Amino acid sequence: MLEGQGYYRGSSVLVSGTAGTGKSSLAAYFADATCRRGERCLYLAFEESQAQIIRNMRSIGLDLEPWVKKGLLKFHAARSTLYGLEMHLAVIHKLTNEFQPTTVIMDPITNLSIVADESEVKAVMMRLDFFKNKQITTLFTNLTHPGELETTTSGISSLMDSWLLLLSVESNGERNRIFHLLKSRGMAHSARVRGFGITRHGIVLGDEKTSDQ
């Protein structure tokens with residue numbers, strides 16, 4: 001879907017979708033891919049603890065713990081209500097400067113809206129452009145609600161270089177997951193949606209379909 005090239009280094013990637021569509025699973029595979037290249041990934045978790053994430057990912061055939069032990073993956077789990085946005089931003093700066101990651105994951109950014117209004121959240125997201133200055137690739141997950149699939153917290157989609165929308169659709173009495181690459185700046189990308197499943201052996205890609213199917 002990205003001509004086999006992947007994302008540009010230093011770009012910002014948004015993964016949005018309703019609950020249970022696989023946002024955190026894709027984020028975990030993003031972290032795993034970083035570590036497999038021998039690079040460092042900083043995982044900022046605003047909803048689950050490190051132990052919960054590692055346990056949950058084992059259920060889909062992904063073990064992140066070895067990367068933690070090797071010092072390639074660092075979790076920072078903190079509820080968004082622990083402190084205000086300015087302190088969150090200060091902590092992110094500090095962790096980034098100390099750990100020197102090549103990728104950063106924020107999962108989910110939706111939780112930041114609990115402690116501030118939308119304009120404040122967007123202002124903070126704009127100030128995260130220091131990631132681009134450091135050539136750090138960032139992945140953000142965003143929880144959406146049915147009927148508001150192509151909207152995001154504080155309208156931050158405009159700040160993103162790539163936007164991946166995850167959907168859960170009902171067909172023949174069962175629910176199926178699909179993803180749609182809404183945009184990817186600076187590169188050609190597929191306009192087709194792609195089905196995928198999350199199994200005990202990982203993420204399994206299905207067939208491509210045109211976006212109007």
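**Reading the pockets**

Guide: This is a predicted model. Start with the second largest pocket, whose volume is about 310 Å³.

Visitor: Which residues are closest to the centre of the second largest pocket?

Guide: They are Gly20, Lys23, Ser24, Glu47 and Asp107, out of 21 lining residues. H1, helix H2 (50-58) and E5 each give two or more residues to this lining. By class, it has nine polar, seven nonpolar and five charged residues.

Visitor: How is empty space found in general?

Guide: Rolling a probe the size of a water molecule over the atoms shows where space is left empty.

Visitor: How much space lies in the largest pocket?

Guide: About 800 Å³. Its lining has 24 residues, and Leu2, Gly6, Tyr7, Leu26 and Phe30 are the closest to the centre. Elements giving two or more residues to the lining are helix H1 (23-36) and the strands E5 (137-143), E7 (174-184), E8 (193-199) and E9 (202-209).

Visitor: Which element gives the largest share of that lining?

Guide: H1 does, with five residues. Now sort the lining of the largest pocket by class: 16 residues are nonpolar, five are polar and three are charged.

Visitor: Let me try a single residue. Is Thr96 buried or exposed?

Guide: Compare its relative accessible area with the cut-off. Buried means under 20%. Thr96 has 1%, so Thr96 is buried. Thr96 sits in helix H4, residues 85-99.

Visitor: What is Thr96 in contact with, leaving aside neighbours within four places in sequence?

Guide: Leu42, Pro101, Phe130, Phe131, Lys134 and Ile136.

Key
Residues are numbered from 1 along each chain as its sequence is written. This is a predicted model: local features need pLDDT of at least 70, side-chain atom pairs count only at pLDDT 80 or more; totals for chains, interfaces and linings use all residues. Side-chain values use heavy atoms; hydrogens and water are left out. On a 1 Å grid over the protein atoms alone, a cavity is a set of points where a 1.4 Å probe fits but cannot get out, and a pocket is an open set with protein on both sides within 12 Å along at least five of seven lines; lining residues have an atom within 4 Å of a point. Grid points are joined across faces, edges and corners, and a volume is the space filled by probe spheres set on the points. Helices (H or I, at least four residues) and strands (E, at least two) are DSSP runs, numbered from the N terminus. Ala, Val, Leu, Ile, Met, Phe, Trp, Tyr, Cys and Pro count as nonpolar, Asp, Glu, Lys and Arg as charged, and the others, Gly among them, as polar. Buried means under 20% relative accessible area, exposed over 50%, partly exposed in between (1.4 Å probe, protein chains only). Contact means heavy atoms within 4.5 Å.
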